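Dear colleague,

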Amino acid sequence: MGQSDMLKLLQDFFPTAVNTGQSLVFISENWRIELREHQIPRFGQNGHNTPVIRVKVFKKALNGEFVHGHYEDFQIAEVSELASQIERYIQNAVGQNLQENL
């Protein structure tokens with residue numbers, strides 16, 4: 001299973017992310033953020049083909065392991081708006097700018 005087209009487009013907006021082939025990952029000393037396309041079963045889809053991008057936030061614990069904290073699903077068709085909303089979410093979740101230390 002290959003990487004989604006939406007993740008490939010998002011990589012242009014987040015050049016500091018590491019592309020694992022299955023997800024985009026931001027990593028710093030204290031945080032790990034993963035962006036991955038997530039399949040959500042839909043009943044009566046009404047032709048919606050907009051992919052769902054799940055953003056997972058992990059914080060480094062005292063033992064050095066990254067512990068999953070929370071996630072949010074984004075389903076916005078326009079890639080620049082999707083990238084903008086994901087960036088705002090991450091900044092609010094970790095309390096710092098993506099371009100800084102994350």
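Glu34 counts as buried, with a relative accessibility of 10%, where buried means under 20% relative accessible area, exposed over 50% and partly exposed in between, computed with a 1.4 Å probe on protein chains only. This is a predicted model, in which local features need pLDDT of at least 70 and side-chain atom pairs count only at pLDDT 80 or more, while totals for chains, interfaces and linings use all residues. Residues are numbered from 1 along each chain as its sequence is written, and side-chain values use heavy atoms, with hydrogens and water left out.

Glu34 forms a salt bridge with Arg32 at 2.8 Å, N to O, the term standing for a side-chain nitrogen of Lys or Arg within 4 Å of a carboxyl oxygen of Asp or Glu.

A search of the whole structure finds three salt bridges, among them one between the side chains of Asp73 and Arg54, at 2.6 Å from N to O. This pair links distant parts of the chain, 19 residues apart, with Asp73 in strand S5 (residues 66–74) and Arg54 in strand S4 (residues 52–60); strands are DSSP runs of E with at least two residues, numbered from the N terminus. Arg54 counts as buried at 14% relative accessibility, whereas Asp73 counts as partly exposed at 26%.

Best regards

Note on methods: Helices (H or I, at least four residues) and strands (E, at least two) are DSSP runs, numbered from the N terminus.
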